[in-house]
2 protein chains.
Amino acid sequence: MRTLVTGAAGFIGSNLCDYLLHQNCEVQGVDNFVTGQKEFLKEAHKNQKFSFQELDLFDFEKTKKIIASYRPEVVVHLASNADVRFGLKHPRKDVEQGTLVTYNVLESSRLAGVKKFAFSSTGSVYGEPEVFPTPENCPFPIQTSLYAASKVAAEGLIQAYSEGYGIKGYIFRFVSILGERYTHGHVFDFAQKLLRNSKKIEILGDGKQQKAYLYVGDCMGAIWRILSSQDEKMNIFNLGPDEYINVDQSLDIICRTMAVSPERVYTGGKRGWIGDSPFIFLDCKKLKSIGWKPKKNIAESVEITLKYILENKWILEKRGVE
Amino acid sequence: MRTLVTGAAGFIGSNLCDYLLHQNCEVQGVDNFVTGQKEFLKEAHKNQKFSFQELDLFDFEKTKKIIASYRPEVVVHLASNADVRFGLKHPRKDVEQGTLVTYNVLESSRLAGVKKFAFSSTGSVYGEPEVFPTPENCPFPIQTSLYAASKVAAEGLIQAYSEGYGIKGYIFRFVSILGERYTHGHVFDFAQKLLRNSKKIEILGDGKQQKAYLYVGDCMGAIWRILSSQDEKMNIFNLGPDEYINVDQSLDIICRTMAVSPERVYTGGKRGWIGDSPFIFLDCKKLKSIGWKPKKNIAESVEITLKYILENKWILEKRGVE
């Protein structure tokens, strides 16, 4: 499976490159290093089956050229504005980095004869659903964030390309992913805050937001299983665990691991920020029905992530542009 | 209700300008005249409450300036690539004219302090649904055309703006609209073909595609009722009749009105073109529950449309760019 991965130097992208190389695939990674880290590709670069191109996917002509010259069978498009919380500060960013960039990669893939196009979407496309756990075919949702709106836009494009041009589409609706090379999100934020001040910590919202988290290794296993076994026109899968945890409980694990007990100060409200979904819990029956199950639970995932951050403190200085 | 209408010189746009002026609103129309017709605004221009700006909405700076200087309370964004069938020939067109232009108008509206943002979406966002008639909250659909994908993308943007910035959103999911100033679609195509050759006619698909059509006057009544009575954060409504008709039956009406009986040649297949939905029938209970009902049935709408085309044959020469 000759695969091109966009966002290859990112958290999920670099883990995917390593995983695919272990499966003996040829892999080309592309990344613009805006949030991606060269460090994350060190392992991949040791493998002869890996190649890399620095590329800004907003540049359509260059994207077209690079995909055409690599001629992958599969494109896994992970590159994205990962900054869910700050969409309202710069609304054009999600439109450009989410929707337009996906168009550029998708159209380039079509022109290069790519057979399968896979995309990292999000459980946030369900907005604030009424059904929990939320299945892939829940009622037509209403978007609550620019980030998710750009993911829905990209999903629609991929679906139309699948119908119109016969490219098979793979859409992964992720919960938040945790694990090695994690570079943003609540574990990151809490660790950063506690390293600065272990006596007191600010929590966005009321701490009762319930979220599901998946370990990146389990995520890789799911992607691989879907890509290598599913062959419908469109293959849409939720990816998540069969449990959830609230923000306070997650902070309990973090504090225990760091051996601190800070005073907790809540900013209040059901949501951590505008567009934050107070409850994310996806129904992953479809994914399980094809033989996948997660190996790590949420508590273990939080611990692994935290340990990784504490052993790689340079990451705390490398946040993407907000 | 001081209203700015984009696509004001189009079929639906020009009817809406006239309707709003009759309701004593102040109206500014904008259009780039790519598919819009100056002729359609003749009535509106007689009214002192009407003003007009020629504008390409792809130009963000100019769009921002014009909306800021008019300072509407309500923006009704109808401008769009109306060419549903030819999306696959130029995939970038729907992304630019659908998604990006909507972003430009929406962001300009936010910056200008607009309170209500209304948008013409389509029943095609339901793809090929499994539920008929199809309600607004049917299962999360899969897109089948670039046209509908661009509408879904725009819907998501409007929803995220509504949540994030407090602009009230109005989304109208139309069936196909018929009536005076109709400039494209099956009645247009059939009339054009029969005027060229009344002995023989080619029909895209098997003639059994079932579609719902709504008279433009009824559509205006629905838009007005929704805008003037609904005040939720997001107001999403299907707009259609409570009946449907197949392509052959519609052609029967057209042939009877034109007094011709051509031989029918079918291109075959359930769909007229890739991405054509073989059955569109929307559940409009929600719209009816706020006191609306259509005054014309589908047969009358087809007849009115055909008569309008035959009395305004210049329109047959004015198709938009494909």
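Here is a chat about how the terms used for this predicted model follow from its values.

Modeller: Quick ground rules: residues count from 1 along each chain as its sequence is written, while chains are lettered from A and ligands numbered from 1 in the order in which they are written. As this is a predicted model, local features need pLDDT of at least 70 and side-chain atom pairs count only at pLDDT 80 or more, whereas totals for chains, interfaces and linings use all residues; side-chain values use heavy atoms, with hydrogens and water left out.

Colleague: How do you know how chain B is related to chain A?

Modeller: Copies are superposed by least squares on the C-alpha atoms of residues with pLDDT of at least 70 in both. Here a rotation of 180° with 0.0 Å of shift along its axis puts chain B on chain A, at RMSD 0.0 Å. The two copies are thus related as by a two-fold rotation axis. The same surface serves both copies, too: 100% of the contact residues of chain B recur in chain A, contact being heavy atoms within 4.5 Å.

Colleague: What makes E3 and E11 of chain A edge strands?

Modeller: Strands are DSSP runs of E with at least two residues, helices are runs of H or I with at least four, and both are numbered from the N terminus. Two strands pair if DSSP finds at least two bridges between them. Chain A has an open sheet of 7 strands in the order E3-E2-E1-E4-E5-E6-E11, with parallel pairing. E3 (50-54) and E11 (234-239) of chain A each pair on one side only, and that puts them at the edges. From one strand to the next, the twist averages 15°.

Colleague: How do you know that E1 and E2 of chain A pair?

Modeller: Count the bridges: E1 (residues 3-6) and E2 (residues 27-31) of chain A share 4 of them, in the parallel sense, and the definition asks for at least two. One example is Thr6(A), whose bridge partner in E2(A) is Val30(A).

Colleague: Which strands does helix H1 of chain A touch?

Modeller: H1 (residues 11-22) of chain A packs on the sheet and touches E1, E2, E3, E4 (74-77) and E6 (168-174) of chain A. Its direction makes about 165° with that of E1(A); axes are lines fitted to C-alpha atoms, for helices over the stretch in contact, and angles run from 0 to 180 degrees between N-to-C directions. Helix H5 (residues 146-165) of chain A also packs there, touching E5 (116-122), E6 and E11 of chain A, at about 160° to E5(A).

Colleague: Why is H1 of chain B called mostly covered?

Modeller: Buried means under 20% relative accessible area, exposed over 50%, and partly exposed in between (1.4 Å probe, protein chains only). In H1(B), 10 of the 12 residues are buried, among them Phe11(B), Leu16(B) and Leu21(B). H1(B) reaches 17 Å from its first C-alpha to its last, close to the 16 Å expected, where the expected span is 1.5 Å times one less than the number of residues. After H1(B) comes Asn24(B), with a positive phi near 75°.

Colleague: Why is the pair of Phe11(A) and Tyr182(A) called edge-to-face?

Modeller: Rings of Phe, Tyr and Trp (its six-membered ring) pair if their centres lie within 6.5 Å; planes under 30 degrees apart are stacked, over 60 edge-to-face and the rest tilted. Phe11(A) and Tyr182(A) sit 5.8 Å centre to centre with 90° between the planes, hence an edge-to-face pair. Phe11(A) lies in H1 and Tyr182(A) in the loop between E7 (176-178) and H6 (186-196) of chain A, so the pair ties together parts 171 residues apart in sequence. Both residues are buried.

Colleague: What makes the pair of Phe33(A) and Phe52(A) tilted?

Modeller: Their ring centres are 5.4 Å apart and the planes stand at 40°, so the pair is tilted. Phe33(A) is in the loop between E2 and H2 (42-45) of chain A, and Phe52(A) is in E3, 19 residues apart. At 22% relative accessibility, Phe52(A) counts as partly exposed. Over all chains the structure holds 25 aromatic pairs, and ring pairs link Tyr126(A), Phe140(A), Tyr126(B) and Phe140(B) into a cluster.

Colleague: Is Ala299(B) buried or partly exposed?

Modeller: Ala299(B), in helix H10 (residues 298-311) of chain B, has 28% relative accessibility, so Ala299(B) counts as partly exposed.
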